[in-house]
Amino acid sequence: MLTKKLPPVHSFLLLVSRHVGHLARQQYDVIVVGGGHAGTEAAAAAARVGAETLLVTQKIHTIGVLSCNPSLGGVGKGQLVKEIDALDGLCGRAGDYAGIHFSILNRRKGPAVWGPRAQLDRQRYREFIQSELLSTPRLTVSEGSVEELLVTEPNPEEPGKHRVTGIRLANCDHSISASSVVLTTGTFLSGSLFMGQTSSPGGRIGDAPSSAGLSHTLRERLRLKIGRLRTGTPPRIVKDSVDLSLTQLHPPDSHPTPFSFLNTRTYCKPEEQLPCYLTYTTPGVERVVRESLHLNCHIQQDTKGPRYCPSIESRVLRFPGRKHQVWLEPEGVTSDLLYPQGLSMTMPPDTQLRLIREIPGMHKAEIHTPGVQYDFVCPTQLSPALQVKSTQGLFLAGQINGTTGYEEAAAQGLWAGTNAARWALSVPPVALSRTESYIGVLIDDLVSRGVTEPYRMFTSRAEFRTSLRPDNADLRLSLKGWKEAGCVSSLRYQEALRVKNSLQDALASLRALGMSTTNWRKKLPGIHISETKSSILTGMDVLQYKDVTFEMLANVFPEHLSSYMEFSQRLKIEAVYKPHCDANKKEIERIQREENMSLPQDIDYLSLPVSLSQEVREILDRVRPSTLGAATRLEGITPAAIVNLLNYVNFNGKREKIMHRNQTDQRDDREEELCARNASLPQ
């Protein structure tokens, strides 16, 4: 499907400058502010739903720029990319076009937690996103800085204290009206760039922060609760200055796996992919960090940074004496730079250079991007549609909601843009449940729990992850995106429908293949099938065996199965996870039914033999909720932890009942024995 020829960047910018030189209208259905991952997905989604949409960004040529790491996907994040693609978003197809190193992370574990990931060519990614936006019907792109939101009295028939009616651009006398506005300001909302003890206004090096008037509107006019978070980025390394022979070579997968369900291959051929390299920190790195603490205001401040992507300073101080991984990742096919994943820092430039030269294989460096602090809006003030509860027509997406990462931003952008368009077109909002998507998990976590540090997606956040797999995102979301949300194209819908019908036919054929275990052993002599199994096994049952593949069954029963070979891996995964998926259907009702279950006050949470993170254990030990329902409302407690806690309490409750019943039976037996003995005594 990757047959589209993209124009060169300079040609694209010329087209865009002509396209937006004069806005053809001053009234739009939806205005999206910001051209990052959240903004581009929001603008494209709003236009797909049918809204006349305006995307306003400070610099047109930075649309689609990868501000930090040149990669997409990963564990948890890859699931988001697949779901964004299933809802007809951009980043999955862009990743397939720009990818130069594809790999599936977590492959040694089950397919439910596989993490599709790709290193990206920065220029190719930007080209694809810009080309897609320019060719999107009903979407206009404009360069400018938003000075303020236009706010008026609310519609009395709708909930809310205010109503957004548009924006005013800086250095512009007239306003632009809209029914909905989506803010995707990223790190630019009152952004500050830090390097050592120096700071300057900005959301990215070379770019100014968003207008102070926008922050003022949110704080003073709308009275939204605002917090402060920070992020960091590594210096870039000159590739020719690194002795790669002192590092560990990590090649990509020999057969790249596309992100998009519409693609059967990636733009980069397998043999053209580039490798990554692994090295480690040394005691010298720790020494440089400790000697320079007085020069680093990032470490001295209280502003929260990302727990799961911490700076090298934070990691060294938190885990002294350890070796930390540093991944050297390519930035592009023609780029002479490497991205040192794991070396996020905000030291002074000369100190960064000293630190880098303490790492095996690394000798010179170029410092490109400092750390950033920025404002965010506490996301508990949002509805599941990502609309500000107190302000009609105002939607927020991306880092402004306290998240970190391209994938989290893009997911929010797509859903905020979809609902902003639906609001503008007077159509009810749509929601995604955490039982049907990782996007639903992400949004539910944000709006119900809020954030105290930059939020990152993990598979462990989804309690129904065996059902929310990367392979079935199209079946879960594409049909819903067409029928309910309106953000999926006819082409995508027809393809998802074809896949769904084909898989249903294939599964029916597998279930129809019923034979005795004796006959199955004859058909598959190399597979050990236990004789203790049921006398009749279906093809679906046999496919659950570890060493059985769909190809094997298709070779044995070509007349029944050979036409479904394109779905061989998906059918294997469906068979393996069928018992888990069946159990998941009951789990939701079970949790709701037993939410008010009492928790024993003497539980030792710190040593409880249950799969709980240390963070969750500490919260439970400190608060000691009286019921499971109370535990679900604690900040920092994940739904997955609640499921594990529920299982533990249920197991112990059943065990206590059995012990109590056994003790009662033993007591009754002793009483009967005593009665019999007493009866035998002479009267």
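1. In this predicted model, strands S16 and S17 run antiparallel and are joined by four bridges. One of the residue pairs concerned is Trp 327, whose bridge partner in S17 is Gln 341. Six residues lie between S16 and S17, and the two strands form a hairpin.

2. Five strands make up an open sheet, in the order S13-S17-S16-S15-S14, and their pairing is antiparallel. Strand S13 (237-238) and strand S14 (248-250) stand at the edges; each has a single partner strand, so one side of each is left without a neighbour in the sheet.

3. S13 and S17 run antiparallel and are joined by two bridges; Ile 237 has Leu 338 in S17 as its bridge partner. Strand S15 (residues 276-280) pairs with strand S16 (residues 325-330) in the antiparallel sense, over four bridges. Within this part of the sheet, Thr 279 stands opposite Val 326 in S16.

4. How many residues of strand S17 are buried? In S17 (residues 337-341), five of five residues are buried, and the strand is described as mostly covered. Both of its faces are covered: Leu 337, Tyr 339 and Gln 341 are buried on one side, and Leu 338 and Pro 340 are buried on the other.

5. Helix H13 (residues 473-485) deserves a separate remark. A straight helix of 13 residues would span 18 Å at 1.5 Å a residue, whereas H13 spans only 15 Å between its end C-alpha atoms. The buried residues of H13 are Ala 473, Asp 474, Arg 476, Leu 477, Ser 478, Leu 479, Lys 480, Gly 481 and Ala 485. After H13 comes Gly 486, whose phi is positive, near 80 degrees.

6. Is Ser 563 buried or exposed? Ser 563 counts as exposed, because its relative accessibility is 56% and the cut-off for an exposed residue is over 50%. Ser 563 is located in the loop between helix H18 (558-561) and helix H19 (568-593). Ser 563 and Ala 506 are 57 residues apart along the chain, and their C-alpha atoms are separated by 8.6 Å.

Terms used
Residues numbered from 1 in each chain as written. Predicted model: local features only at pLDDT ≥ 70, side-chain atom pairs only at ≥ 80, totals over all residues. Heavy atoms only, no water. Expected span 1.5 Å × (residues − 1). Buried < 20%, exposed > 50% of the residue type's maximum accessible area, 1.4 Å probe, protein only. Pairing = 2+ DSSP bridges.
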